[in-house]
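Here are some comments for a colleague who wishes to go through this structure.

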Amino acid sequence: PPRRRAWMAGAPWRRVPGRSLVRHVLVRRGGRLVGARRRADAAAPAAVRERGGGSGSEEGGEQGTLLCVAPSVCGGVRLGGEGAADATRAWVPCELTSIHTLLRRVTQGSHRGLAALFRQHVFIGVVDAAYVLLQHQTKLYVVHLGAVSQEHLYQQALLRWGNLARIALSTPAPIAELCVLALRDPRAGWKPADGDPAKIGAAVAKLLEEKAAMLEEYLSIVIRDGALVALPQLLDGYAPPLNALPLFTLRLASHVDWSAEEPCFDSLARLLASFYRLDRVGAVEEAESEAAATPAAGEAARTPAWTVQHVLLPSIRRSYEPPAAQSTDHTVVQVACTEQLYRIFERC
């Protein structure tokens, strides 16, 4: 359609009966989506910047201001840092109905209270290996980092579908050998009755070779000559823990529904999120000792705690839509409230 809702980073769009909340509409030029047009009654969000004085027209001759949209938005131009190889590569808008259906399901199932918490939170520190402490207004919350990071990375996979950058492996990893390693992991659930691990690895390699074109086009998972060559960059500045790569490769064949488009895309995005999730931050003492032993800047200083504070949480603050289930499954737990503390002090 000529007009499509833009998923703006950091903008919690909600459906309100009888009221339109679309502040930016995408602009077409010659039948091709080239940017977004700002409505006269809306201010531009911080995530959107005007492109140098350009203007375009939609079908029907309506003029609009072309905008440069952040990578988490459907449509626009990819924003890259200085010296980025793909800084000028056009952002290809996703037109797949199944992806838009999955994104709509994410928005409809989001929790408003948790969304406000994650948009406006202040990072306090690391509680232990799995939890961090966040402040929102006058309340403190303990947040399970693994569950939140996995859901956020799932949403990022959908938002960046077909536009993911690549993380090239230093050495191509043979898929068959990765599967043999994965079958030794108790989480794989392999039993001798399931067959020879070498034959299972060869079957997985053959299946993924058949799906290689689709995996590369949509998810930047590059497979060449039966080996894994590159992985997708789901989050700028973050690389996945590669110790789980064998199990991820095996599950690409066993945990993905290849029979229909929407279930296939959903299971692929969730499998990637499960692989990329940040499960362990490290104890507070470990994080402090690592920070003290490493330089203050550069790649060497990027401890897990640093990655959480400076990469993961800022991305969550911009574009995370927390599911309602996280308000009841102990993913987010309130531990203190200053109003209640004042009442206690008054009694004393």
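Which residues does Phe248 touch, not counting residues up to four places away in sequence?

1. This is a predicted model, and the points below should be read with that in mind. With residues up to four places away in sequence left out, Phe248 touches Ile221, Leu231, Leu271, Leu272 and Phe275.

2. Phe248 also belongs to the largest nonpolar core, which has 69 residues, and together with Phe118, Trp161 and Leu219 it is among those that touch the most other members. Helix α8, residues 261-276, gives this core its largest share, nine residues.

3. An open sheet is formed by three strands in the order β8-β10-β9, with antiparallel pairing. Its edge strands are β8 (165-174) and β9 (222-224), each of which pairs on one side only, and the twist averages 15° from one strand to the next.

4. Between β8 and strand β10 (residues 227-233), which run antiparallel, there are six bridges, and Pro174 stands opposite Ala227 in β10. Helix α6, residues 212-219, packs on the sheet and touches β8, β9 and β10, while its direction makes about 150° with that of β9.

5. Val204 lies in helix α5, residues 197-210. Because its relative accessible area is 7%, and buried means under 20%, Val204 counts as buried.

6. Leaving aside residues up to four places away in sequence, Val204 touches Ile175, Cys179, Thr249, Leu250 and Ala253.

Methods. Residues are numbered from 1 along each chain as its sequence is written. This is a predicted model: local features need pLDDT of at least 70, side-chain atom pairs count only at pLDDT 80 or more; totals for chains, interfaces and linings use all residues. Side-chain values use heavy atoms; hydrogens and water are left out. A nonpolar core is a set of buried Ala, Val, Leu, Ile, Met, Phe, Trp, Tyr and Cys residues joined through side-chain atoms within 4.5 Å. Buried means under 20% relative accessible area, exposed over 50%, partly exposed in between (1.4 Å probe, protein chains only). Helices (H or I, at least four residues) and strands (E, at least two) are DSSP runs, numbered from the N terminus. Contact means heavy atoms within 4.5 Å. Two strands pair if DSSP finds at least two bridges between them. Axes are lines fitted to C-alpha atoms, for helices over the stretch in contact, and angles run from 0 to 180 degrees between N-to-C directions.
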